[in-house]
Amino acid sequence: MQRGLKVLIASGILFMLSIIVFFTWGMSFSEMFVQNNPSLSTSQITLNPLESYNSSVTIDSTSKLLTITIDAIDNDQILLKELVIDPNENVISNSTFEKTYFSTLTPETTGVYHFSVTNLDRNDAASLYIFFGNLPFLKDNGEIDLTTFGGLVLGVILFISGIVTLIIGAILYIKDRNREKYRGYIPR
C-alpha cells in the first residue's frame with residue numbers, strides 16, 4: 001500500500017476520533033449543566049416601560065456560586081435594575097445598569113432565591129437575555145475551571161491533526177502516483 005494512502009487513512013481515523021471526543025464531551029458537559037441546575041432560569045424576554053420580570057431558583061448547596069447574567073439584545077442604553085432576595089428575605093444584590101450585567105454571588109443559605117429585573121425607562125421597551133443559576137464550570141472562587149473544557153481542547157487538537165495529516169496524505173499520494181506513473185520513463 002502506498003504511503004500516501006496510509007496517511008489518508010490515518011487522517012480519516014483522526015477525524016472520526018475528533019467527532020467522537022466532541023460528541024462525548026458535549027454530552028457530559030450538557031449533563032453536568034443540567035445536574036447543577038435543576039431549576040435553572042434562562043429566558044429571552046421583552047420588558048415594556050416600567051415593567052418587571054420575576055424568577056426564582058432553588059439553591060441546594062452553598063458551595064456553588066449563584067450567577068446572574070443579563071444582556072440587552074438591542075443597542076439601546078436603557079436603564080435596568082436587578083434585585084436578588086435570599087430565602088430569609090434579605091436583599092443580597094441590588095444594581096442599576098445599562099446594556100449588560102454579570103455578577104456572581106455566594107449563597108449564605110440553601111433555599112429559594114428570588115430574582116427580579118425591572119425596565120426603569122419610561123418610553124422604550126427592553127429585550128433581554130437572562131441567566132440565573134449555577135454555572136458548573138466556575139470554581140468556588142469565581143475562576144473558570146479549565147479542566148471542564150479538556151474534552152473540547154482534545155477534540156480541537158485531534159481535528160487540526162486530522163486536517164494536517166489529510167494535507168500531507170494528499171501530497172504524498174500525488175507524489176507516489178506520479179512516481180509510479182513515470183517509473184522506467186527516461187526523458188530524452
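**Close-up views of a predicted model**

View 1. Phe159 sits in helix 2 (residues 150–181); helices here are DSSP runs of H or I with at least four residues, strands are E runs of at least two, and both are numbered from the N terminus. This is a predicted model, where local features need pLDDT of at least 70 and side-chain atom pairs count only at pLDDT 80 or more, while totals for chains, interfaces and linings use all residues. Residues are numbered from 1 along each chain as its sequence is written, and side-chain values use heavy atoms, with hydrogens and water left out.

Phe159 is partly exposed because its relative accessible area is 38% (buried is under 20%, exposed over 50%, partly exposed in between, with a 1.4 Å probe and protein chains only). Together with Leu152, Val156, Ile160, Ile163, Val164, Ile167, Ile168 and Ile171, Phe159 makes a nonpolar surface patch of about 720 Å². Patch members have over 30% relative accessible area and no salt bridge, and nonpolar side chains (Val, Leu, Ile, Met, Phe, Trp, Tyr) are joined within 5 Å. A salt bridge, for the record, is a side-chain nitrogen of Lys or Arg within 4 Å of a carboxyl oxygen of Asp or Glu. The areas come from the Shrake-Rupley method with a 1.4 Å probe.

**View 2. Leu120 in its loop.** Look for Leu120 between strand 7 (111–119) and strand 8 (126–133). With a relative accessible area of 33%, Leu120 is partly exposed. Beyond its neighbours within four places in sequence, Leu120 is in contact (heavy atoms within 4.5 Å) with Leu50, Leu79, Leu80, Lys81 and Thr96. Its C-alpha atom is 6.6 Å from that of Pro49, 71 residues apart along the chain.

**View 3. Aromatic pairs.** There are 4 aromatic pairs, counting rings of Phe, Tyr and Trp (its six-membered ring) with centres within 6.5 Å; planes under 30 degrees apart are stacked, over 60 edge-to-face, and the rest tilted. Trp25 and Phe149 have ring centres 6.2 Å apart and planes at 40°, so this pair is tilted. Trp25 belongs to helix 1 (residues 3–36), and Phe149 to the loop between strand 8 and helix 2, 124 residues apart. Phe115 and Phe132 are stacked, because their planes are at 25°, with centres 4.8 Å apart. Phe115 is buried at 2% relative accessible area, and Phe132 is buried at 0%.

**View 4. Strand 3 and its partners.** Strand 3 (residues 66–72) has 5 of its 7 residues buried, so it is largely enclosed by the rest of the structure. It runs antiparallel to strand 6 (residues 100–105), joined by 6 bridges (strands pair if DSSP finds at least two bridges between them). Ile70 has Tyr101 as its bridge partner in strand 6.

Notes: Patches are made of residues with over 30% relative accessible area and no salt bridge: like charges are joined within 9 Å, nonpolar side chains (Val, Leu, Ile, Met, Phe, Trp, Tyr) within 5 Å.
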